[in-house]
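Dear colleague,

Please read the notes with the structure open beside them.

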Amino acid sequence: MIPCIVVKGDMVVQSFFFKRYLPIGNLKTAIEFFVDWDVDEIIMLDIDASKKGYKPRFDLIESVSKKCFVPLTIGGGISTIDDIRDVLNAGADKISINTAAIQNPEFIEQARNKMGSQGVTVSVDAKWQKETNQYEVMIGSGKIKTGLNTAEWCHKAEKLGAGEIFINSVDRDGSRKGYDIDLLKTVSNSVQIPVIACGGVGRVNHLSEAITQGGCQAVSAANIFQHTEHSTIAAKAHLKYVGIDIRISTQVKYESFQFDHLGRPL
Amino acid sequence: MSITIVDYGSGNLKSVFNALYHLAPHENIFISDKANEILNAERLILPGVGYFKDAMENLKKKNLIQPLNEAVLERKTPILAICLGMQLLFEKSSEGGDQKGLGWIEGHIEKISAKAPHRVPHMGWNDVHFSGDKIFDGLGDAKPFYFVHSYHACCPKKYVTGTSWHSYDFPVSVRKGHIHGMQFHPEKSHHSGLHVLKNFIEQSKRGASS
């Protein structure tokens, strides 16, 4: 279970359909809170970096990674091998690339050669297009069409050396309606590497659907983990309750969470 | 006392540094790629994120193999090798064609041959079952740690201190005297990981019994 921290510059934000962004606070606090509350990994994506053409914020990465003792994936604005090296030196464990990979697919291969495929996550934003009856890969904060079919692009990324796919639904982003299960199925069927689902979680029981119905190996969400206290713990309690093999720390109390027969929190 | 993290251009140095500093802020923690600093280190950490071939080439280019051999094999400097670092301890790996490793522990590295639904890379948290080595003292019989790798070690059982299951059992923790290797990332495994690092720091103190 991997919370996704969406950052615009140095502000943590909540994202709604990739159009509206609500600032919600301090990055360092967000990370410390997640690490204490039993998350498995953290993904931090700077969604403005590629669009506005700036590099990853190394100073920020350095300060937030100091006490981050779970894997930290950094994405946003990484487009050269030097960026990768600098991001790792600042404290990241894995890197996520999106726009740079689409503009230059060989960059995936170069990243793989530099750090092994396990350190390279290719992040994909997908939107359902009625006219072409397919999920299309989008860039520019979900606004610019690439003409690429999502499943084909994910498959290609895997061939080029990606170690994981992080799939985000532009349609469901911030909707709280749950993941786009069809999108997840399409992606998980097109690759052999682990797939992390993102986009649309409104309640903790949406999380398990990505695994039980969507065929994914990991679940991510941004907005819901940002305001509710103990939301990451409630999320794990739910996943465990429905029988998913998820790590539960003995340091954290899970007993106070009750669920109905559908796994919905009471 | 001090801990020296070997910088050979392929490790997540900062993460390792952050974890060690959090546990032992009073120790001198260095990141180094200088032969004499490695030779004189009191304890060594060999981190690892990357590609076996790249890593061995970097070690050669930076002329670190000879000082490492001398520090570890002659001076018996305690060393903890992590992830790719652990794989380098062995004689060879099939990653990137047949590649020679440091050869300090008998055995070789091969690709994980996982069967559906298990995927490669082996990524995420998984339980490590301990076989009684004191490096895992205080953690019971098994605890989850964070893994991210596509290859695993094959070596004589006597060196294995921990195994994990991902389609099948394989060694994820090894020890040959003062040489420790861990396939998982203790610096990224929160409580269990920090505990193991603490054990290494305490147990490798000058004068501590081995």
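The lining of the second largest cavity comprises seven nonpolar, three polar and two charged residues, where Ala, Val, Leu, Ile, Met, Phe, Trp, Tyr, Cys and Pro count as nonpolar, Asp, Glu, Lys and Arg as charged, and the others, Gly among them, as polar. This cavity has a volume of about 80 Å³, and its lining includes A:Val7, A:Met44, A:Asp46, A:Arg57 and A:Gly76. Strand E4 (42-46), helix H3 (58-65) and strand E5 (72-75) of chain A each give two or more residues to that lining, with E4(A) providing the largest share, three residues.

A word on the basis of these notes: this is a predicted model, in which local features need pLDDT of at least 70 and side-chain atom pairs count only at pLDDT 80 or more, while totals for chains, interfaces and linings use all residues. Residues are numbered from 1 along each chain as its sequence is written, chains are lettered from A and ligands numbered from 1 in the order in which they are written, and side-chain values use heavy atoms, with hydrogens and water left out.

On a 1 Å grid over the protein atoms alone, a cavity is a set of points where a 1.4 Å probe fits but cannot get out, a pocket is an open set with protein on both sides within 12 Å along at least five of seven lines, and lining residues have an atom within 4 Å of a point. Volumes are the space filled by probe spheres set on the points, which are joined across faces, edges and corners. Helices (H or I, at least four residues) and strands (E, at least two) are DSSP runs, numbered from the N terminus.

The largest cavity holds about 180 Å³, and E9(B) gives the most to its lining, with three residues. The largest pocket holds about 1100 Å³; of its 35 lining residues, A:Gln217, A:Asp245, B:Met123, B:Gly124 and B:Trp125 lie nearest its centre. E8(B) contributes the most to this pocket's lining, six residues.

With best wishes
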